Amino acid sequence: MMKRKLICLALSVVMLLGILPLAIFATEETTAPITQYGTETADWYTIGTVAELNHFIQMEKGSANLNCNIRLTADIDYTAEGATAPTSAPQAECSMWQGTFDGNNKTIKGAKTAILCCIQGTSTVKNLTLLDSTIAAGQYDGVLATDIWGPSTITIQNVHVKNATLTNAQIAARLGLIGTSWGKGNITLNVSDCTVEGTATFGANLTGVCAAATYLGFIRSYGAYTYAFNFSNCIAAMDFTLANNNGTGVSGFLGQKWGSEDLSGLTATFTNCVNYGDITNTSTGPVAGFSAVKDGNVVMTDCVNFGDITGADANGLVNDTTGTVTLTDCYDTAEAVAVPTGKGDYASVDISAASAQGYAAATTFADWSFGTDWMLTNSYPVPASLLDLAPKGQSENAIVYEGVQYTAEAEGIFNVRFVTTISEETFDTSAEIGYEVIVVEEGKAGKSLNRSTDTVYESLTGWVEGERVVYHAEDFDGDYLSAVAINGVTATKTVTIIVRPYVLDALGNTQNGLPVACVFTDGALVAQYAY
């Protein structure tokens, strides 16, 4: 092993350490005692404990029309010692809530039922993570809310369901982020920048399970109303297994409707969305990656299904519908897909060989806007807007990304260097500082350029607009700076460079840092994302 060195190194660059600042939000907040839930008010009510959240859920159960705005002030952990999670959801159809539920980027862990009852009116749910929810689905259960009711305009934004487990569905169960849509008036549902992942299992002897889906399980119409279900920058990653469930429809986003009701007024729009969920339906019901609704209209742009969709009536993207289907740059990973005549650009691709080679899958999607609308993670494209924009979001890691240096374009190429901080303690016990690097050049397969070093720096020097600037490790709350250089990068097209730093200690243990993707167009940094 080379002797580790502690040195200072100067490097002439155009820009040094382009830091993405963390956003700081200061919002005036009106608080009120928890006992005042249920009053007709526009005040913000704060919830910061298990008891307070339980009280809110109980108030939902006891109110036919609850109108209030909620903001979480702390993470809620139902798995903590002494905590008790409600096991019965607020009653669908009868218990209604309207307002704004601001998760304030907090997490509710270990819930055993939906947090919200029927959402109605003009309402918003945002900035919330539901972790490790375990729900024995009742009649109308969803993970976030039991149902929605028209007339309404509802926005779900930046809500993330992680590791959800849905089991023991009862008769007429509808599963999803939201269980049921009751069309008792026009409904507009806008869902953006959301992820839902987990597993859902239905037993072999159930009957009457109307529909299931990752986002909106069941849809019913009570008249000639319009329904606009709009999904953008969303990921569905819920695995479903259904057996002998009386014609149940299931999909990654929209489930099935009730009976023969007319849903010709329904339009589902998907933009930059992905389904990863493996869905198996051994009943006679429809199954699809995105929509199993048998009528209504579907518009899809830049969407892809990676899930295994299995059933007697199966389709990778949209199940057969009597409405119109418009597909633009949408892909399914099945090797053979029936293409409805005149229903858009529906490309069938086989990425099995490419996925085995990691980021080589990018070649399959050469016409996609990588680096702007799409990024690569786990070998597959995901919407770029879903990636955390705060590079220091995992500051507990041993090695933390701080910024990027890059030279001016010269003869069609440029050089780039990624800079991280590392603690003295971690460095003293390290055997190697490494960087897993993937370079994805527009229209080409990804290329691995992994690097390792035993060198750290107290400071780095660069040039910003002709001025020499020195950055010290302490400027970034680190003891040392580490860097990896990548030379000869193409400067004539869009290139995405994905870097995951790590530290290997003398015992062979690895501590991973935060992976980051930087996007360069014509040699200039245009975006950077932390995973």
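Visitor: Is Cys117 buried or exposed?
Guide: Cys117 is buried, because its relative accessible area is 0%. Buried means under 20% relative accessible area, exposed over 50%, and partly exposed in between, with a 1.4 Å probe and protein chains only. Please note that this is a predicted model, in which local features need pLDDT of at least 70, side-chain atom pairs count only at pLDDT 80 or more, and totals for chains, interfaces and linings use all residues. Residues are numbered from 1 along each chain as its sequence is written, and side-chain values use heavy atoms, with hydrogens and water left out.

Visitor: How many disulfides are there?
Guide: A disulfide is counted for a pair of cysteine sulfur atoms within 2.5 Å, and by this rule the count is zero. Cys117 is in no disulfide, and the nearest cysteine sulfur, that of Cys118, is 6.6 Å away.

Visitor: On to strands. How many residues of strand S18 are buried?
Guide: Six of the eight residues in S18 (residues 235-242) are buried, so the strand is largely enclosed by the rest of the structure. Strands (E, at least two residues) are DSSP runs, numbered from the N terminus.

Visitor: Which strand is joined to S18 by seven bridges?
Guide: Strand S14 (residues 195-201), which runs parallel to S18. Two strands pair if DSSP finds at least two bridges between them. Thr199 stands opposite Asp239 in S18.

Visitor: What about S23; how many bridges does S18 form with it?
Guide: S18 and S23 (residues 279-288) pair in the parallel sense over three bridges. The partner of Phe240 there is Ile279. Two bridges also join S18 to the parallel strand S22 (residues 274-275), where Ala236 stands opposite Asn275.

Visitor: Changing topic: which residues have the most contacts inside the largest nonpolar core?
Guide: Phe56 and Ile156, in a core of 78 residues. Such a core is a set of buried Ala, Val, Leu, Ile, Met, Phe, Trp, Tyr and Cys residues joined through side-chain atoms within 4.5 Å. Strand S10 (residues 145-167) gives the largest share of this core, eight residues.

Visitor: Which residues belong to the other core?
Guide: That core lies apart and has 26 residues, among them Val404, Tyr406, Val416 and Phe427.

Note on methods
Helices (H or I, at least four residues) and strands (E, at least two) are DSSP runs, numbered from the N terminus.
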